[in-house]
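Visitor: I have a structure to look over with you. Shall we go through it by question and answer?
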Amino acid sequence: MIYLDHNATTPILPEVLEAMMPYLTTEWGNPSSAYRFGSKLKSVIATAREQVGELIGAGPLDVVFTSCATESNNAAIAAALRANPAKRHIVTSQVEHSSVLNYCRDLERSGDFRSPHGGVNPPLRQGYGVTYLPVDRDGLLTPADLEAAITEETAMVSLMWANNETGVLFPVEQISQICRARGVLFHCDAVQAAGKIEIDVRNVPADYLSLTGHKFGAPKGIGALYVRRKAPFSPLIYGGHQERNRRGGTENVALAVGMGKAAEIVRSHLPEYGEKVRPLRDQLEEGILSSIPNTELNGHQTQRIANTTNITFHGIESEALLILLDKEGICASSGSACLADSDEPSHVIKAMKPDSAASRQMVRFSVDAATMREQVTAALSALGRETESLSCVAVRTGRV
Ligand code: PLP
């Protein structure tokens, strides 16, 4: 297998599994228990919280463990809106992950939302106004558009750090400054940036920032939400006193340990991450663009994370190519893994290039430091073979 889909998920690092093992075997207590067999695990979680905090320049108390970044994104948006019930406008972008976009779309629906149980927080009344900021053909966001979109009504801004489909980076430092200056809460989905570029919440003062472990060597099922100390927060999931009352549910000690360990490891490799993965990504990208006809890069040449390339194969349907690549043992994707079972075109590429068929004819490749040059070479040969066979079919059936 040649795995070129690290933006979808990553393998568990061996050291991570090793660190987790005691908490999957002998140390299975409940950290909230009064006796030491359980309560001693509190310090284990505290260490993991510290490790995750250090990856983003945050203190441990500002980190809330969640089940995934989808939950973190939902929790941040819900908390910001609850804190500002009078303000009924959200600003986000057309290229966010579905965990932000679909929540915003739901919030747009009109009609009152009645919680069957009443509730401590004012229930979220739907009918929000949402501005979905556009991006240009390179996937870049214009800060002036954000400035213009924020009004007196705006409760929050939710914008990502790095795009999962193209790797394109948003100007988050400028975005956070604009939000601060305008007195609007800022949530940043930093899932694809974590472990790939430096994140420091002291330089990018987001109020909320989402992470997930499985994108950087921890298992699936654990995420984190950074909540700035003075930012308003109310839980999405009510329960016990876990996570300092910010997220109910018995702590998943093993997964928290795994995410903490993974955070520590990727942080230590951060200085050389770009140098390691960029040549592999460029070998693949340049190889495709120079040897396969009718190909085009989607996304800015330089303003993107070093491991990602997104390429349109004009005249070739993404799904057909991905099936043939799968037969050759090559894993790549046509967008977010969360939407892979829908036959919708990529909303990200559609937002960038609305006038072309690129959104149905693109493939995302994402490498990591463990990807080997020989694998890239083999993938290039397979891509050459398969795109040629699909182009022949397209010519025979008159599709090009
Ligand atoms: N945000 C981005 C940018 C992502 O790429 C993903 C995962 O694909 C998510 C959020 C959701 O992460 P999770 O799978 O942990 O819910």
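Guide: Start with a term: a polar contact is a pair of N or O atoms within 3.5 Å. Keep in mind that this is a predicted model.

Visitor: How far does a polar side-chain atom of K215 lie from an oxygen atom of the ligand?
Guide: The cut-off for a polar contact is 3.5 Å. The K215 side chain brings a polar atom to an oxygen atom of the ligand, and the distance is 2.6 Å.

Visitor: What share of the ligand's accessible area does the protein cover?
Guide: On its own, the ligand has 390 Å² of accessible area.

Visitor: Which helix gives the largest share of the shell around the ligand?
Guide: In total, 14 residues surround the ligand. By class, they are 4 nonpolar, 8 polar and 2 charged. The largest share is 3 residues, and they come from residues 69-83, helix α4.

Visitor: Which are the edge strands of the open sheet of 7 strands?
Guide: The strand order is β2-β8-β7-β6-β5-β3-β4, and the pairing is mixed. An edge strand here pairs on one side only. That holds for β2 (63-66) and β4 (129-133).

Visitor: By how many degrees are neighbouring strands of this sheet turned against each other on average?
Guide: Direction is ignored for this value. The average is 20 degrees.

Visitor: What is the bridge partner of T66 in β8?
Guide: β2 pairs with β8 (residues 223-227) in the antiparallel sense, over 4 bridges. Within β8, T66 has as its partner G223.

Visitor: What angle does the direction of α4 make with that of β7?
Guide: α4 packs on the sheet and touches several strands, including β2, β3 (89-93) and β8. Its direction and that of β7 (208-212) make an angle of about 165 degrees.

Visitor: Which residue in β10 stands opposite L297?
Guide: An open antiparallel sheet of 3 strands has the order β9-β10-β12. Its edge strands are β9 (295-297) and β12 (362-366). β9 and β10 (residues 308-313) are joined by 3 bridges. Opposite L297 stands I311.

Visitor: Which helix lies across β9, β10 and β12?
Guide: The helix spans residues 253-291 and runs at about 10 degrees to β10. The name is α9.

Notes:
Residues are numbered from 1 along each chain as its sequence is written. This is a predicted model: local features need pLDDT of at least 70, side-chain atom pairs count only at pLDDT 80 or more; totals for chains, interfaces and linings use all residues. Side-chain values use heavy atoms; hydrogens and water are left out. A residue is near a molecule or strand if one of its heavy atoms lies within 4 Å of it. A polar contact is a pair of N or O atoms within 3.5 Å; within protein, one must be able to donate a hydrogen and the other to accept it, and residues adjacent in sequence count only if both atoms are side-chain atoms. Accessible areas come from the Shrake-Rupley method with a 1.4 Å probe; for residues, only the protein chains shown count as cover. Helices (H or I, at least four residues) and strands (E, at least two) are DSSP runs, numbered from the N terminus. Ala, Val, Leu, Ile, Met, Phe, Trp, Tyr, Cys and Pro count as nonpolar, Asp, Glu, Lys and Arg as charged, and the others, Gly among them, as polar. Two strands pair if DSSP finds at least two bridges between them. Axes are lines fitted to C-alpha atoms, for helices over the stretch in contact, and angles run from 0 to 180 degrees between N-to-C directions. Contact means heavy atoms within 4.5 Å.
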